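This text leads a new reader through a few local features of a structure. Please have the sequence and the model open while reading.

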Amino acid sequence: MSNRGLVISGLRAAVEGKEILKGIDLTVEPGKVHALMGPNGSGKSTLAFAMTGHPNYEILGGSVKLDGEDLLELAPDKRAKAGLFLSFQYPAAIPGVSVANFIRTARMAVRPDDLPPAKFRQMIFEKLDVLDMDPAFLSRYVNDGFSGGEKKRLEMLQLAMIQPKYAVLDETDSGLDVDALQSVGRSVNAMRNADGGKDTGFLIITHYPRILQYIPADAVHIMMDGRIVKSGGPELANVIEREGYDKIRDEVAGGVA
Amino acid sequence: MPSSTASIAATAFAPAADTLDTVIDLIAREGVRSGSAVDETTRRDALALFADLPVPGGRPGRGWRYDYDNVPFDDLQWMTGRLGIATMPLPAPSSDPAIDRPALETDNAGGLVHLGATLLEPARALPVDSRIIVLPLADASRDHPKLVAQTHLKIAGWRSDRFAALATAFQNCGAFVYVPDGVVLDAPIQLVFTSSEAVRAAVFPHIVVVLGAGARATVMERYAGEGDALVCGIVEAHVGAGAQLDFVTVQQADPEARIFSTRAARCETGATMRWHLAELGGALARSVIDTRLAGPGANAEASALFFTGGMQHVELTTTCDHAVGQTTSNTVVRSAATDRGQGRFFGNITIRAQAHGSDASLRDDALLLSKHAHIDSVPALEIAANDVKAFHGATVGSLDEDTLFYALSRGIARADALRMIALGFFEPVIARFPGDRLRDEIRTALDRKIDEATEIDA
């Protein structure tokens with residue numbers, strides 16, 4: 001179908017009255033990986049929160065459609081049910097709620113009654129294994145006292161268990177050591193190779209290109225000052241790696257001037 | 001079939017001395033069996049004290065509407081005595097099978113069930129360990145006068161607390177639990193107080209628990225049932241050297257009931273006292289927990305939670321008195337309020353001058369789930385010794401927006417997310433309650449409180 005895809009059109013959003021997103025156009029097709037790169041403060045995380053419906057982010061204009069469904073009309077939980085998943089840069093702790101209980105509740109909410117408890121257990125143990133996580137993890141409270149790496153692994157575990165239509169990974173690589181990054185890469189690739197995740201489209205928000213060594217991108221977009229200033233193939237990430245953002249900033253400034 | 005009961009209706013109970021006359025007459029007629037562990041002089045002294053003692057917690061104001069001077073005492077039914085019945089009834093007439101039904105016929109080491117202040121006596125004896133005593137307090141004072149005289153009204157502050165004085169003046173039921181040296185009970189002893197919608201019962205229980213050296217026991221005190229009972233009681237726990245007592249209170253009284261409880265423990269050398277308190281019901285619930293660490297190595301733990309919704313008021317005061325050195329205490333309180341519920345917590349730690357090497361901690365966290373709900377937290381540490389460790393921390397706040405958003409972003413509906421986070425908030429205290437079954441019961445009860453709330457939000 002032609003309207004399939006996570007389609008962001010002319011999206012403008014503000015935080016505390018200040019316009020941060022100044023018109024974003026970006027389409028993530030099913031099964032494709034798009035990388036969104038840019039320097040700190042360019043608005044990458046704002047895009048993630050605006051799409052998922054965080055109450056602090058005010059939409060000024062534009063639209064976000066998921067396989068044709070207008071996400072901006074929906075409450076945050078309904079956006080998740082529609083098939084959107086956000087891996088948080090700073091996931092919140094939920095003391096007193098176990099990882100197992102939380103993931104089971106989330107899975108049931110997004111995909112009601114599709115997995116009997118025994119299958120759920122089998123599936124979660126498989127995913128834990130791919131992520132090099134101890135099963136004891138399941139009885140801990142969600143993100144409560146977790147290290148940075150544990151938090152990111154838990155985000156990946158949820159991603160693998162929920163199997164959304166589209167996943168936004170907000171700085172999942174930040175603060176991770178090489179081992180953890182490899183685990184994250186393995187988990188995402190395992191999901192993309194499995195039946196339930198083949199069609200999942202990814203938007204990987206990152207400052208550094210290194211995560212793309214583990215999860216190869218089909219397209220790379222560069223964001224600066226609330227706009228996408230350049231889009232290209234995977235080679236664009238290598239340009240950033242070699243030359244940093246300054247070169248592109250100059251290029252864009254030159255173009256405008 | 002009734003074996004012996006009596007009741008009078010006292011109207012416009014102030015509570016006045018003439019009401020006390022009537023109650024004393026009733027108890028005299030009923031004899032020792034109906035609950036006269038307190039003599040007449042003590043009752044009159046106690047009532048005089050009630051009139052003179054200050055109202056605890058000060059006058060009503062912002063954040064606390066309840067006026068203790070206007071606790072309605074009208075039309076109370078003073079039932080006393082006992083009812084013979086064929087089998088032990090399920091103690092609470094509840095439609096929800098998951099809660100309110102302590103298994104008195106199984107999984108316990110004995111117990112007593114009351115309807116109002118009337119003891120329900122099953123024809124079939126409870127499986128009480130022959131070495132222990134579980135008796136109505138009045139029976140114990142007849143059969144074990146020395147033991148009762150040594151332990152009854154010895155540690156509860158009935159001369160200094162207004163409502164402990166009231167409980168003493170009108171004492172009309174109670175229990176005596178004695179576990180001798182070295183006896184270890186695995187199953188709990190259950191003391192149940194239920195009420196019926198038909199009667200506005202006056203229930204003034206006095207529970208005395210005595211553990212000999214090295215003994216171990218769990219005593220569970222439960223309030224359940226329907227009707228706007230007035231409960232005003234005392235618990236005294238004597239924990240012998242090296243003994244361990246878990247005292248559990250699950251208060252799920254009718255939404256119109258008013259419940260006052262003063263609980264006190266004295267811990268000898270190396271003894272451990274653990275209080276577990278869940279205040280969930282009642283229009284007004286006031287609890288005092290006083291623990292005195294009297295011997296070196298004594299340890300006290302208090303784990304309390306309350307959930308106040310509708311127009312409920314819950315007040316809790318804990319005091320841990322480190323009378324000697326090398327003693328430890330640890331108090332953890334979690335509370336939540338919805339609708340127009342109000343709560344307040346007074347947490348006190350006293351470390352006396354000679355109590356070197358003591359270690360005390362006090363932690364209390366309150367969650368406000370509606371903009372009209374209110375909880376106050378008032379910790380007080382009084383430390384006269386050097387070389388001690390003392391910690392206290394308190395928070396009062398609403399539900400964290402980012403936590404809520406995180407759950408929402410996973411597809412969990414707002415109401416479910418709020419419920420999940422609010423229940424999770426209580427887990428650190430629930431985890432300290434003994435037994436899976438009890439913990440699940442508390443979770444179910446809290447879940448129901450959330451169902452009943454008309455206003456819950458971040």
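This is a predicted model: local features need pLDDT of at least 70, side-chain atom pairs count only at pLDDT 80 or more; totals for chains, interfaces and linings use all residues.

Residues are numbered from 1 along each chain as its sequence is written, and chains are lettered from A and ligands numbered from 1 in the order in which they are written.

Start with strand S3 of chain A, residues 33-37. Helices (H or I, at least four residues) and strands (E, at least two) are DSSP runs, numbered from the N terminus. Five of the five residues in S3(A) are buried, a term that requires 20 or more other C-beta atoms within 10 Å of the residue's own, whereas exposed means 12 or fewer and partly exposed lies in between, with C-beta atoms placed from the backbone. In a regular strand the side chains alternate between the two faces of the sheet. Here A:Val33, A:Ala35 and A:Met37 point one way, and A:His34 and A:Leu36 point the other way.

Strands count as paired if DSSP finds at least two bridges between them. S3(A) runs parallel to S10(A), residues 201-206, with five bridges, and A:His34 stands opposite A:Leu203 there. Four bridges join S3(A) to S11(A), residues 219-224, also in parallel; in that strand A:Ala219 is opposite A:His34.

Most residues other than glycine have a negative phi. A:Asp67 has a positive phi of about 45 degrees. This residue is found in the loop between S4 (57-66) and S5 (69-70) of chain A, and A:Asp67 is partly exposed because 16 other C-beta atoms lie within 10 Å. In chain B, the phi of B:Gln326 is positive too, near 55 degrees.
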